[in-house]
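Hello,

Here is the structure I promised to pass on.

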Amino acid sequence: MTKGEDRKNRPGLSLHVPEPKFRPGDKVDFTHLAIPEAGDQPRPDESCAASETFPLCTDLVRVLDDEGKACGPWDPRLSPDRVRAILRDMALVRAFDERMYRGQRQGKTSFYMKSTGEEATSVAAAHALASDDMVFPSYRQQGVLIARGYPLIEMVNQIYSNRGDKLKGRQLPIMYSSRDHSFFSISGNLATQLPQAVGWAMASAIRHDSRIAATWIGEGSTAEGDFHSALTFATVYNAPVVFNIVNNQWAISSFSGFAGAERTTFAARAIGYGVAGLRVDGNDPLAVYAAQRWAADRARSNAGPTLIEFFTYRAEGHSTSDDPSAYRSAQEREEWPLGDPIMRLKNHLIALGEWTEEQHAEMDRELAERVKAATKEAEENGILGHGLHHPFHTMFEDVFEKLPWNLEEQSEQAIRERNIKWPE
Amino acid sequence: MIEAINDALDIMLERDPDVILLGEDIGYFGGVFRATAGLQQKHGKTRVFDTPISEGGIIGVAVGMGAYGLRPVPEIQFADYIYPGLDQLISEAARLRYRSAGEFIAPMTVRSPFGGGIFGGQTHSQSPEALFTHVSGLKTVVPSTPHDAKGLLISAIEDNDPVIFFEPKRIYNGPFDGYYDKPTKPWKGHPGARVPEGYYSIPLGKAHTVRSGSAMTVLAYGTMVHVAEAVCRDKGVDAEIIDLRTLVPLDIEAVENSVEKTGRCLVVHEATRTSGFGAELAALVQERCFYHLEAPVERVTGFDTPYPHSLEWAYFPGPIRIGEAIDRLMEA
């Protein structure tokens with residue numbers, strides 16, 4: 001047994017506290033990031049052993065090259081119509097984000113979160129799933145709702161918390177829910193949706209259903225305990241579930257090193273659980289589609305769960321309450337080596353002769369008009385704080401299936417107060 | 001009580017194909033307290049199965065199963081180990097109906113053995129009900145007899161809201177009157193042990209008057225119903241003993257009617273005192289029955305310490321502590 005005095009000549013230990021490469025004002029150089037050539041990554045069979053995917057967990061699955069050509073075995077060979085539909089949905093997400101961000105700045109609502117630069121990770125993935133596969137999103141997958149045709153006006157109603165809001169003004173803006181679109185209620189508590197997705201997938205398997213579950217999480221939230229329990233349950237019961245990690249490099253002000261990115265990739269974690277893993281260029285919509293399709297087919301054929309890391313970049317602030325210039329270099333966005341998902345898919349379609357700059361500009365104009373029209377229509381139902389909200393008693397409903405006596409009493413109290421504060 | 005719980009689970013597995021049991025050691029082995037014995041063999045391993053040791057995972061997957069349309073009944077091996085599942089219970093199960101405006105619900109029943117009196121020490125004796133009664137959207141149930149355990153568990157499983165179902169493990173195999181130095185009696189012969197065959201249910205939110213009386217009202221649940229009953233009997237106090245059975249929703253009418261009749265109220269629970277459920281009961285009685293009260297509301301509870309091992313019977317709110325409170329109430 002070593003006693004204290006024997007240790008006196010040993011070097012002192014040091015604590016490593018991760019630090020991002022670039023802070024505000026720093027010149028950005030991303031050449032340290034290994035970006036492999038598009039098309040170089042092998043595509044194993046969907047039914048392969050999870051361990052066989054290990055090389056792909058440290059690689060980067062890419063389809064679109066710098067000229068916009070689709071290459072290699074991961075090319076999903078989509079019809080031009082499908083590619084145009086993905087492009088259109090991504091552009092609609094961006095147009096919607098722009099308008100809602102402005103709406104928050106104009107005081108029409110309290111809060112908004114954009115997904116700029118990450119549109120492929122939700123839109124292209126949603127196109128690869130069946131429309132009734134259950135999605136357990138985090139707060140930055142508005143692209144799934146849009147790809148599934150959820151009415152824009154319903155999204156705006158929710159963001160404005162007005163009398164048209166299907167969630168009755170109870171939820172913070174963007175915490176959507178739509179059972180009809182197989183889009184699970186968004187929670188503010190990070191990572192909780194992962195074990196829930198596994199449970200849903202287990203239920204589907206118990207019932208010999210053919211639907212699968214897909215769930216999304218940011219790289220920062222993979223540090224939560226629910227990430228671990230979800231992966232464990234998924235592998236134990238071979239649950240038909242797809243885990244999507246959107247590694248956008250930033251969790252508010254913390255760079256991905258605080259979730260462990262300095263030592264390994266997020267995809268590599270899959271292997272330790274016995275889950276298949278893929279690391280994918282998250283700004284390459286065709287690679288995102290192909291990987292999601294591979295994982296969905298794997299789950300659907302009872303071959304097990306998959307963890308996909310989408311390597312991407314959060315191009316904007318975390319939310320309307322965040323100013324990223326306080327913690328990262330403004331140059332990062334322009335220097336990001338994987339480019340912009342919308343531009344890359346647009347260039348691909350143009351290279352194929354299936355799209356033109358004029359068509360693209362026309363589409364952008366049309367989408368901006370569509371978003372504007374939805375916004376105007378929603379504003380007729382009210383904006384936050386302007387009095388057009390759900391009646392007071394609705395605050396007490398749905399806590400339980402039936403109102404218990406204490407909520408009945410409190411509801412009467414609220415209505416009494418209302419009549420004093422705002423007499424008719 | 002174990003057999004009654006097993007019977008309730010068996011009946012619900014039989015009646016409703018949506019009912020799924022999951023938890024640590026509950027499958028092949030039948031549970032560390034035998035509550036699920038034989039159920040996997042009878043209903044199959046996709047209806048009754050073992051889980052990894054992860055309370056957050058158990059509750060989390062149960063929420064997902066509920067969203068799919070199943071009616072999961074997760075077991076947490078001891079209430080002391082429910083804490084890793086709290087985020088899923090408080091932030092998710094309890095809020096799901098509200099936040100989705102009824103689109104998604106969590107019709108789950110979390111069963112968990114709770115309470116002390118078994119030399120369980122710090123992590124096999126706790127009574128954490130107040131953590132759950134404080135959460136809007138959760139129902140909390142604590143039975144005190146085999147008859148009630150079966151009927152309440154069936155109601156809990158059929159309920160479309162998440163229910164925390166605490167089973168006082170001290171009385172799994174027989175009632176316990178607090179006289180720890182006397183031999184334990186089995187349930188046989190106790191009126192609460194007459195358990196009808198087959199399906200029946202006891203509504204949540206309805207208290208049970210164990211004994212009618214006029215001298216004072218005793219509000220209790222779980223093991224403490226039996227302890228309080230024995231002390232009142234031995235002291236010859238004509239107390240009205242109310243077994244609350246469901247803490248949320250509370251049977252406020254039963255409480256009010258009784259205290260208005262007796263004018264005195266004693267609240268008894270095993271859990272620690274400060275911010276315990278007894279504080280809520282005392283406040284409600286004070287607010288709603290003030291002009292009928294002839295004495296301050298008394299609370300007999302566990303002390304504000306972690307549950308000790310060697311000093312269990314010094315900690316447990318037994319006959320002496322209850323007896324003193326009864327004397328104070330009657331002298332006032």
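In which sense do strand 1 and strand 2 of chain A pair, and over how many bridges? Strand 1 (residues 134-136) and strand 2 of chain A pair in the parallel sense over 3 bridges; pairing here requires that DSSP finds at least two bridges between the strands. Helices (H or I, at least four residues) and strands (E, at least two) are DSSP runs, numbered from the N terminus.

Before going on, a word on the basis: this is a predicted model, in which local features need pLDDT of at least 70 and side-chain atom pairs count only at pLDDT 80 or more, while totals for chains, interfaces and linings use all residues. Residues are numbered from 1 along each chain as its sequence is written, chains are lettered from A and ligands numbered from 1 in the order in which they are written, and side-chain values use heavy atoms, with hydrogens and water left out.

Back to the strands of chain A. Strand 2 also pairs with strand 3 (residues 241-247), in the parallel sense over 6 bridges. Ala213(A) is the bridge partner of Met134(A) and stands opposite Val241(A) in strand 3. Strand 2 (residues 213-218) is largely enclosed by the rest of the structure, because 5 of its 6 residues are buried (buried means under 20% relative accessible area, exposed over 50%, partly exposed in between; 1.4 Å probe, protein chains only).

In chain B, helix 4 (residues 86-93) has 6 of its 8 residues buried, so the rest of the structure largely encloses this helix. Among the buried residues are Leu86(B), Gln88(B) and Glu92(B).

Now the salt bridges (a side-chain nitrogen of Lys or Arg within 4 Å of a carboxyl oxygen of Asp or Glu). Over all chains, the search finds 46.

- Glu14(B) and Lys42(B) meet at 3.8 Å, N to O. Glu14(B) lies in helix 1 (residues 2-15) and Lys42(B) in helix 2 (residues 39-43), so the pair ties together parts 28 residues apart in sequence. Glu14(B) is exposed at 54%, whereas Lys42(B) is partly exposed at 49%.
- Glu167(B) and Arg111(B) have their closest N and O atoms 2.6 Å apart. The pair links strand 6 (residues 163-168) with strand 4 (residues 109-114), 56 residues apart, and both residues are buried.
- Glu298(B) and Arg328(B) come to 2.8 Å between the closest N and O atoms. Glu298(B) is buried at 15%, while Arg328(B) is partly exposed at 41%.

Best wishes
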